Amino acid sequence: MYDQDVVALLKKCLNIDFRSGIFSNPGRENKYKKVKVRPIMKGGCLCFQFEKYTETQVFHENLQPEEAVRKAEELMEGFRQLQLESKEMRHSVLVSKKGKITIKSKRQTEDMPQVSLSHDRAKNYILQEGANIPFLKDLGVMTENGKIVKARFDKFRQINRFLEFLEDILPELDQNKELTILDFGCGKSYLTFAMYYYLHVMKQYSIRVIGLDLKKDVITHCNELAEKYGYEKITFLEGDIAEFSGVKKVDLVVTLHACDTATDYALAKAVAWGARVILSVPCCQHELNDQIENDTLAPILKYGLLRERFAALVTDGLRAEYLEREGYETQILEFIDMEHTPKNILIRAVKRKQSKTNRELLSKEIETCEAFLHLTPKLGTLLK
């Protein structure tokens, strides 16, 4: 049997007041990357649906309360973190590398929206329709009574997709200290406000968020909204990514659609600060389009559209490799479907320990690729 305190907590939580649960931070041998749990009604009986995520698939299993406790107990053998939320409480189970188990509990500080128990619900969004979310109303995504505006549903979906990426890296963020988060090129700040709401209001993390953008009127408006919502720990500043020096240490760096080499400046800043996590959605990768040359690939590169797309993929691939070289475990993920925007690549990087041998190997691989295509990427220059 797993730790008795954890089992007792599971029995206490898995009832009609349960809202959600997520198993994260899997062990190396675990085929599942995360598992989500939600309550459903099936045949008039309360059940719990387990959504088990592999790299490419999602598997569903519906279990009655006693079975659900046993399944959760079994899953804890392969994960190092479990978050549980009920109507009144929020619980966190942490397992150290040595197997020590810590349980932390907090009372909910916000009135949470009603959880749908429908078995056939198409999508379980993090931010749910019907909730009282002020920034979504002001941004025109949600009506006053909590309905999603049909014409803005793509934006609602995009915000939730971003929060799913954020949810996956929660185990990497220390909940016992104030976290500093920088959002470079924040623009109208849909996702900046979403981050703050999710981490601080929903998950009760202590955070300080700084949004940076070049447009003065946008910054002024975002500061007005932050004050209106009572978001005291979020500040918007007018400024350039390359010249920003307002902090010495950062936990999470976000850069969404920063144009061309602005992404490189943001990534270089993140590396210099030793940011624990980096989330970047690059945009307008023009730099290497002017540089890329290769006799073997000349028949393909002569077509402007193909050259542009190839250069963009090479740009982001090399960015990911540079981050790997600097000690980050890096993934390139699909942000949202191509039908909504061609700028759909997200680079997610988490700081890990790096051996000297691996760093040298990655450096040689990068140099070989750059020489093959006659490239000198801005990020490589900045990291030197």
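Which residues of strand 12 are buried on one side, and which on the other? In this predicted model, V277, L279, V281 and C283 lie on one side of strand 12, while I278, S280 and P282 lie on the other, and all of them are buried.

**Strand 12 and its faces**
- Strand 12 spans residues 277-283, and seven of its seven residues are buried.
- In a regular strand, side chains alternate between the two faces of the sheet.

**Pairing with neighbouring strands**
- Strand 11 (residues 252-259) runs parallel to strand 12 and is joined to it by six bridges.
- Within strand 12, L279 is the residue that stands opposite V254.
- Between strand 11 and strand 12, the chain passes through helix 7 (residues 262-273), forming a right-handed β-α-β crossover.
- Strand 14 (residues 345-351) pairs with strand 12 in the antiparallel sense, over four bridges.
- V350 in strand 14 is the bridge partner of V277.

**Nonpolar cores**
- The largest nonpolar core has 55 residues, and those touching the most other members are L127, F135, L136, F162, L163, L166 and F193.
- Helix 5 (residues 190-202) gives the most to this core, contributing 11 residues.
- Leaving aside residues up to four places away in sequence, L136 touches L127, V141, M142, F156 and I159.

Conventions:
Residues are numbered from 1 along each chain as its sequence is written. This is a predicted model: local features need pLDDT of at least 70, side-chain atom pairs count only at pLDDT 80 or more; totals for chains, interfaces and linings use all residues. Side-chain values use heavy atoms; hydrogens and water are left out. A nonpolar core is a set of buried Ala, Val, Leu, Ile, Met, Phe, Trp, Tyr and Cys residues joined through side-chain atoms within 4.5 Å. Buried means under 20% relative accessible area, exposed over 50%, partly exposed in between (1.4 Å probe, protein chains only). Helices (H or I, at least four residues) and strands (E, at least two) are DSSP runs, numbered from the N terminus. Contact means heavy atoms within 4.5 Å. Two strands pair if DSSP finds at least two bridges between them. A crossover is right-handed if, with the strands pointing away from the viewer, the path from the first strand over the helix to the second runs clockwise.
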